[in-house]
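Here's a quick briefing for anyone opening this one for the first time. Have a look at the sequence and the model, then read on.

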Amino acid sequence: MPVDIVTFGCRLNAFEAEVIRREAEGAGLSDTIVINSCAVTSEAVAQARQSIRKLKRERPSARIVVTGCAAQTQSQMFADMAEVDRVVGNDDKMRGEAWQETRSAFDIGPSEKIAVSDIMAVKEMAPHLIDGFASGLPRVFVQVQNGCDHRCSFCIIPFGRGNSRSVPMGAVVEQVRALAERGHAEIVLTGVDLTSYGTDLPGAPKLGMLTKQILRHVPELKRLRISSIDSIEADHDLLDAIAADVRLMPHLHLSLQSGDDMILKRMKRRHLRRDAIAFCNQVRRLRPDVAFGADIIAGFPTETEEMFSRSLDLVEECGLTFLHVFPYSPRPGTPAARMPQVAGPVVKERAKRLRAAGEAALRRRLQGEIGATREVLIESEAQGRTEHYLPVAIAGERMGTIVPLMITGSDGERLTT
């Protein structure tokens, strides 16, 4: 039986799942389920644990290996689960040797479950060219950066991913070229702290330079998209590329987290409310049709109703279309976990209001698209995405193609043609 990967969390995990599959199968593993976990919230960790128990009931003979951010930060907790056979570290999961060692451990019999190395000792990042992406898959990810040098007071991820490290520009360009030549229409650059790209490389190139190099040297690439960024770190070249090249999609997802300055300071973020609004206005001047998404945390410790209202107002003031709402949950070992907490029911209620604001903003954007002709990337038999990442209900188009379609309506969740 093949190696099955169950992935939780971010787009980076989705990319890394393909590396895990390749390396694990290359090591000769079979009848194995790998849980590629997420640690961003306590709910994500709980979901991984629930999935492990369910999968073991369904496939009692399968070996279960846990890896990912939660495995790195809470390795003993997973090792203590009777259903788990092995815990592999977050950097180790990308190395074939770790999977060969796992295979050997399984062949020998009962042994030490935990195979997790010191993530903070990792200083370099090897490129991983993925051959396993299905041919014709419309959208694929390219990992250009990993880890984070910042220490936001709520975030456990640096301890699951390590410090920031980048893939050299030449290796990124080559991977993008190979994927474009293989027929993938859209490529998404992804990382943990994408706008810190290059700080560890000779000459410290920035994300904007990388973006321009890709667009310049891979003319056959149809679409380039950038995943979540920290707007305060956006450089001039990135803004120039947004303004100048239509192949760079007019859709940016911003790590905003809050709209209140005091909460931002307590979060140890590096921007203020006015910075977020100014950035959105600046990009909109360069690319008037741009669509913004954002991460916002509801119910951060010490957040009052007045402070929360500033986050709510940010949806309109920044012109956000896509909202990713996180109800705050304390992560053990982080400074925010020791701050005065907001009551759980209040956190849930604020998250609900934020989601409602996000849904209303999306409906307004969808309504505003009626009458426009958009270049739609066909993702499946039933759905495509515009340049702005807006979903479109379709029928009769070939997956992987980009088709100009007139938008005639909206069902409140997707555009229709």
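**A first look**

Arg 269 and Asp 230 form a salt bridge, with their closest N and O atoms 3.6 Å apart; the term means a side-chain nitrogen of Lys or Arg within 4 Å of a carboxyl oxygen of Asp or Glu. This is a predicted model, so local features need pLDDT of at least 70 and side-chain atom pairs count only at pLDDT 80 or more, while totals for chains, interfaces and linings use all residues. Residues are numbered from 1 along each chain as its sequence is written, and side-chain values use heavy atoms, with hydrogens and water left out.

**Salt bridges**

- (Helices, H or I with at least four residues, and strands, E with at least two, are DSSP runs numbered from the N terminus.)
- Both Arg 269 and Asp 230 are buried, where buried means under 20% relative accessible area, exposed over 50%, and partly exposed in between (1.4 Å probe, protein chains only).
- The structure holds 32 salt bridges.
- Arg 21 pairs up with Glu 18 in a salt bridge, closest N and O atoms 3.8 Å apart. Both lie in helix α1 (residues 11-26), 3 residues apart, or about one turn of the helix.
- Arg 21 is partly exposed at 27% relative accessible area, whereas Glu 18 counts as buried at 19%.
- There's also a network of salt bridges that links Arg 139, Glu 186, Arg 223, Arg 225, Glu 379 and Arg 385.

**Nonpolar cores**

- The largest nonpolar core has 53 residues, and Ile 214, Phe 279 and Phe 292 have the most contacts inside it. Such a core is a set of buried Ala, Val, Leu, Ile, Met, Phe, Trp, Tyr and Cys residues joined through side-chain atoms within 4.5 Å.
- Apart from that one lies another core of 23 residues, among them Ile 35, Ala 48, Leu 55 and Val 84.
- Leaving aside neighbours within four places in sequence, Phe 292 is in contact with residues including Leu 252, Phe 279, Val 283 and Phe 322; contact means heavy atoms within 4.5 Å.

**Cysteines**

- The structure holds 0 disulfides, a disulfide being a pair of cysteine sulfur atoms within 2.5 Å.
- For Cys 10, the nearest cysteine sulfur is that of Cys 38, 6.5 Å away.
- Cys 10 is partly exposed, with 39% relative accessible area.
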